[in-house]
Amino acid sequence: MTPNKPETNTEDPARIAGFEARIAAGETIEPKDWMPERYRRQLVRMMSQHAHSEVVGMLPEGNWITRAPTLRRKMSLLAKVQDEAGHGLYIYCGTETLGVDRHELIQQLLNGTAKYSSIFNYPTLSWADIGAIGWLVDGAAIVNQTMLAKASYGPYARAMVRICKEENFHKRQGYEIMATLSAGTPAQKRMAQDALDRWWWPSLMMFGPHDTDSPNSDELLRWGVKRKSNDELRQRFINLTVAQAKAIDLVIPDPQLAFDEKTQNWLIGPIDWDEFWRVVRGNGPCNQERLAARRQAHDDGEWVRVAAAAYAAKQARAESTSEAA
Ligand SMILES: [Fe+2]
Ligand SMILES: [Fe+2]
């Protein structure tokens, strides 16, 4: 049964007005509540993209587990990558409360029709990239997800509260890697600066296009799925991160970076939106590689799914026999 797929002829304006009034009053929408079909679809799109991002996000970092420089670093990175798998599963479960099947969502990822965060289509070239990802990518995710923890859809908001706690650990381990490298030998410091140079702009792109070019934003804000716009969140991230870079003596790679006394914001130079769209459309440095790795992992895991389904069927048979007895 799919309780959230509305019956026909239910999208009358009065019902939508009632729904919007609930959101305006700060109420949470729960799986069994009525919701406009478009709200449901937007949430499925956002939540499944988010779940895919958690899962694909394991690839650039998993790649470094065997090459982490110390046992402590290896343990932290291993724990982080496992956390991301958990985030993916948790959000897939949340998405299923909207009446979609997880296998359908995963098929969309594997056949390339679903998107995931473009940041994971960049390569991890050095150990410092693991630091930069934790600091910047997980840092940007926290800014975004802290806002989503107040989203109007209950299962998504609650998932975010828990996930943000783990993201904080991810960010700290990344920042600590960067701080250590920056205070190390000249070669280590160069490695840290090089990672910041490569990850800074893509991490700013994680917040999506400018508000003026973001077609879904108005509706998502009105429905309380998003609580702040892309540009507001990006600005918050910039303001936090500039100070953190200074604290560990690294330079933000933006000659136009300037503090604006009036707004108390750090203003940046132009973002290369051509690059952003190139990567979104599948032509980033690692798009092909990431999808190929996911497809391979999916194929390799086929026997596990078959075995789990056979076991579940066996259990169900055993239960029905004992009930009948
Ligand atoms: Fe995560
Ligand atoms: Fe994370």
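This note sets out, in numbered points, the main features of a predicted model of one protein chain.

1. Basis of the model. Because the model is predicted, local features need pLDDT of at least 70 and side-chain atom pairs count only at pLDDT 80 or more, while totals for chains, interfaces and linings use all residues. Residues are numbered from 1 along each chain as its sequence is written, and chains are lettered from A and ligands numbered from 1 in the order in which they are written.

2. Overall form. The protein chain holds 13 helices and two strands; helices (H or I, at least four residues) and strands (E, at least two) are DSSP runs, numbered from the N terminus. The C-alpha trace spans about 75 × 50 × 35 Å along its principal axes.

3. Of the 325 residues, 33% count as buried. A residue is buried if 20 or more other C-beta atoms lie within 10 Å of its own, exposed if 12 or fewer, and partly exposed in between, with C-beta atoms placed from the backbone. Two residues are in contact if their C-beta atoms, placed in that way, lie within 7 Å. Among contacts between residues at least 6 apart in sequence, 75% join residues at least 24 apart.

4. The largest nonpolar core. A nonpolar core is a set of buried Ala, Val, Leu, Ile, Met, Phe, Trp, Tyr and Cys residues joined through C-beta atoms within 7 Å. The largest one has 61 residues, of which Ala132 and Met178 touch the most other members. Elements that give two or more residues to this core include α2 (37-56), α4 (71-96), α7 and α10 (230-247). The most comes from α6, with twelve residues. Leaving aside residues up to four places away in sequence, Ala132 touches Gly174, Met178, Ala195, Leu196 and Trp199.

5. Helix α8. The end C-alpha atoms of α8 are 30 Å apart, in agreement with the 28 Å that its 20 residues should span at 1.5 Å a residue; the expected span of a helix is 1.5 Å times one less than its number of residues. Buried residues of α8 include Ala195, Leu196, Trp199 and Pro202, and their cover includes α6, α7, α10 and α11 (273-283).

6. Helix α13. This helix, residues 302-324, reaches 33 Å from its first C-alpha to its last, close to the 33 Å expected for 23 residues. The count of buried residues in α13 is zero, so it is hardly covered.

7. Exposed positions. Lys165 lies in helix α7 (residues 154-182) and is exposed because 11 other C-beta atoms lie within 10 Å. Asp249, in the loop between α10 and β1 (258-260), has phi near 60 degrees, a positive value in a residue other than glycine. Gln264, in the loop between β1 and β2 (265-267), likewise has phi near 60 degrees. Asp249 counts as exposed with 12 C-beta neighbours inside 10 Å, and Gln264 is exposed with 8 other C-beta atoms within 10 Å.
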